[in-house]
Amino acid sequence: MAWALAVTQTIGFGVLYYAFGVFVKPMESELGWSRAETSAAFSLALLVSGLAALPVGRWFDRHGARALMTAGSIWGALLIWGWAHVQSLAAFYLLWAGLGLAMAMVLYEVAFAVLAVWFRRYRPRAMLVVTLMAGLASTIFVPLTTWLVQIIGWREALEILALIFALGTIPLHALVLRRRPEDIGQMPDGEYFEGGSAPPRQETSVGAREALRQPTFWWLTLGFALSRATSIALTAHMVPLLSEKGFTSALVALAVGAVGVVQLVGRLVYTPFSERVSLFQLSAAFMACYALGLLGLQLLPGMLGLWAFVLFFGLANGSISLAKPALIAETYGPQHYGTISGSMSSVVAIVQTLAPFAAGALHGLSGDYTLALWLFAMLAFLSAMAIWQARPKAALLQS
């Protein structure tokens, strides 16, 4: 199940998330849209995805992920195909609103909820398996999409991506996923009971209402909102941003792909350290790397600044994928994971939705990305401080 999710998350993020930046300039050239207008569509998708996270999480807690993720894969493939034939800005926005719902149904929020239910002792390893493969999404799909756009055009490239998405995710979600380990006679971590033996003690969990009354929940929400805003804004604008800095298309594609490779390093470092030090302190340190990467791009010359950005942004982007689910599962347990994670994501959505649009709008006002880079560097430092402050002052779990 973990390996199946690793494959579908790699394809899902590659097509629904990372490929967007490659299509920005070709769409603007053909359709005459501004950078702010194209960015607004991606922001709309993130808003819908975040607002849908709570009902999606509740559905997961009650029914599991099989039907949910299968339906999301079908829906997403149809909309990507529709994107290939879009002509008007209104239709483009409608398509991306629908793709936001697909994101909520098939990406990390639901995948990590599956892992929280199916794993306990091996949960960090399972999350590492999924995120290591998914970390290759930009490495695979940004160069692939760039190549497809160059040789056959952006519309035909989208049709091929829709086919890849459908064939790579629908069968695995439909055939591999199950609701809970108890449904097939297992316990978490794939273990079976021997006849007559008592089941191991269940992992304690905090209810959603109780979690929302705790300061830890709101500090974590603030920290992840600001870090996600930084991550999403820079990811959506990375290709045009680096191009504007004077780097060639080939070097930009290489750098974006290298971010994906460094993400793997971040996850490989984060996982073993998470078993030795406080998750709150470790996560705060990694979130600060966003700011270091942006400062490096601004203050260091040429190639040195570029590769400093790739290094620190990649480390932060890799760890954030593990930090949020690890902190939620450790702090609140698996029983209500979907609802608690969905509640946090719904709040995060309000902040992160503004990020790509704000970056595009600032670019339009100032003529370059300088103001946006300084703004998001500041937000990244604030996110690290919030996660540090989230450290519980007393035990939150109750039997």
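Okay, let's start with helix 13, residues 279-299: at 1.5 Å a residue its 21 residues should span 30 Å, and the end C-alpha atoms are 31 Å apart, so the two agree. That expected span is 1.5 Å times one less than the number of residues. By helix I mean a DSSP run of H or I with at least four residues, numbered from the N terminus.

Before I go on, this is a predicted model, where local features need pLDDT of at least 70, side-chain atom pairs count only at pLDDT 80 or more, and totals for chains, interfaces and linings use all residues. Residues are numbered from 1 along each chain as its sequence is written, and side-chain values use heavy atoms, leaving out hydrogens and water.

Back to helix 13: 16 of its 21 residues are buried, so the rest of the structure largely encloses it. Buried here is under 20% relative accessible area, exposed is over 50%, and partly exposed is in between, with a 1.4 Å probe and protein chains only.

Next up, helix 14, residues 302-332, which holds T331. Is T331 buried or exposed? T331 counts as buried, because its relative accessibility is 7%. A polar atom of its side chain lies 2.7 Å from the backbone oxygen of L327.

Last stop, helix 8, where you'll find W147. With a relative accessible area of 47%, W147 is partly exposed.

Methods: Helix = DSSP H or I, 4+ residues; strand = E, 2+ residues; numbered from the N terminus. Polar contact = N/O pair within 3.5 Å; in protein donor to acceptor, adjacent residues only side chain to side chain.
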